[in-house]
Amino acid sequence: MIQTPFRSLTNPTNVLLPTTSSSSTSSSLRFSSTAFSFRGLSLSSVTPKHKGAFFSTLKSSMADSQKSNAVVEVFEKEELAVSLAKYVADISNKFTTERGAFTVCLSGGSLISYLRKLLEPPYVDSLEWSKWHVFWVDERVVPKTHEDSNYKLAYDGLLSKVPIPPGNVYAINDALSAEGAADDYETCLRQLVKNGVIASSSVTGFPKFDLMLLGMGPDGHVASLFPGHPLVEENKKWVTFIKDSPKPPPERITFTFPVINSSAYSALVVTGAGKSDAVHSALKGSQNSPKLPVAMVSAEGELKWFLDKGAASKL
Ligand SMILES: O=C1O[C@H](COP(=O)(O)O)[C@@H](O)[C@H](O)[C@H]1O
C-alpha cells in the first residue's frame with residue numbers, strides 16, 4: 001500500500017490524517033483496500049461497491065453539528081488500537097511543536113485499553129511525554145486508589161508507564177464532595193487557561209483542549225452526561241457534578257458540552273455490538289428520535305469516530 005498524505009477538507013491544519021490511497025475517483029473521495037474517505041467521512045470496512053449509498057445516507061442523516069467535520073472509521077480490534085495510537089501521536093507532535101504543550105483529556109472505561117499501543121515503539125520512545133498535560137473528561141468521586149477511579153485506571157494502564165511529569169497530571173481532589181471537586185477542577189482549569197497551558201476558544205470562550213478522548217456507554221452517554229439528564233443542557237459551567245448517575249458509582253464530576261465541543265480534536269472510541277444501537281442513533285437516527293448525548297458531541301477542528309465492526313454493525 002502506498003502512503004499518501006490526505007488533505008482532509010475538514011482539517012484546518014492539514015497536517016493530520018494521512019491515509020492510504022491506491023485509487024481515487026475525485027478530489028474528495030479516496031479509497032484503498034483498507035480505508036476510504038469522503039468529504040471528511042471515512043469508513044474502512046464498506047466495499048467500494050456500496051460506498052456511494054452508504055455515504056449519502058450517513059451524511060444526510062448525521063446531526064448537523066457533526067456533519068461538517070466528522071470522520072467515521074471502522075476497524076478490526078487490533079487495527080483500532082494501532083490507528084488510535086498514530087492519531088494521538090500525530091496530534092501530540094503537532095501541538096508540542098506548535099505551542100510547546102499538549103493538553104489531552106482522558107475518559108474512563110474501555111478507552112484506556114485502546115491506548116495501549118502508545119506504550120510500544122515507536123511512540124513510547126519518541127513522544128514528548130514531558131510536554132503532555134493530562135486531564136479527565138469525567139471522574140468518579142471516589143478515592144484515587146478505588147477500583148472505580150478513572151484516574152487509577154489511567155495511571156495503572158498508561159500514565160505510570162510513561163515519563164509525564166506528575167505535576168502535569170490533573171487528578172481531581174478526592175477529599176472533596178462532588179460539588180467541591182467540580183468547583184475545584186474548574187478553578188484549576190481557569191488558572192491553566194490564564195497561564196496559557198490550556199488554550200482558549202476564540203469562538204466560544206470556553207477552554208480549548210488539544211484532544212478529547214471520549215468513550216460512549218451503551219445508552220449513548222459520554223463523559224458523565226447521561227441521556228435525559230438535565231446536565232446535558234448545562235451551558236455556563238465548565239465542570240459540573242452529578243449525584244444520581246444511572247451508572248454506578250452515583251457521584252461524579254464531568255466536563256460540560258461547551259467544553260467538550262470547544263476542543264481542537266475529539267475522538268470517540270466505541271466498540272462492541274452492545275453499543276451499535278446508540279451508534280446507529282447518533283449517526284443515522286431520524287431527526288424525530290430523542291438525541292443521545294453522543295450525538296451532541298462535536299469539535300472545533302475535527303471529530304473522529306473509531307468504531308469496531310460490532311459497534312458499526314447497524315450502520
Ligand atoms: O462511566 C463511564 O463510562 C463511559 C463509557 O465507558 P465504556 O467502558 O463503556 O467505554 C466512559 O467514557 C466514562 O469516562 C466513564 O466514566
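How many bridges join strand E14 to strand E15, and do the two run parallel or antiparallel?

Modeller: Happy to! E14 (residues 239–242) and E15 (residues 252–255) are joined by 4 bridges and run antiparallel. Two strands pair if DSSP finds at least two bridges between them. Within this pairing, Phe241 has Ile253 of E15 as its bridge partner.

Before going further, please keep in mind that this is a predicted model: local features need pLDDT of at least 70, side-chain atom pairs count only at pLDDT 80 or more, and totals for chains, interfaces and linings use all residues. Residues are numbered from 1 along each chain as its sequence is written.

Now look at the two sides of E14. Val239 and Phe241 are on one side, Thr240 and Ile242 are on the other, and all of them are buried, which leaves both faces of the strand covered. Buried here means that 20 or more other C-beta atoms, placed from the backbone, lie within 10 Å of the residue's own; 12 or fewer makes it exposed, and anything in between partly exposed.

An α-helix has 3.6 residues a turn, so residues three or four places apart point the same way.

Ala299 counts as buried because it has 25 C-beta neighbours inside 10 Å. Leaving aside residues up to four places away in sequence, Ala299 touches Asn69, Asn261, Ser263, Ala264, Tyr265 and Ser266. Contact means that two C-beta atoms, placed from the backbone, lie within 7 Å. Phe209 is 90 residues from Ala299 in sequence, yet their C-alpha atoms are 9.9 Å apart in space.

Finally, step back to the protein chain as a whole. It has 9 helices and 17 strands, which are DSSP runs numbered from the N terminus: H or I with at least four residues for helices, E with at least two for strands. Buried residues make up 44% of its 315 residues. Among contacts with a separation of 6 or more, 70% link residues 24 or more positions apart.
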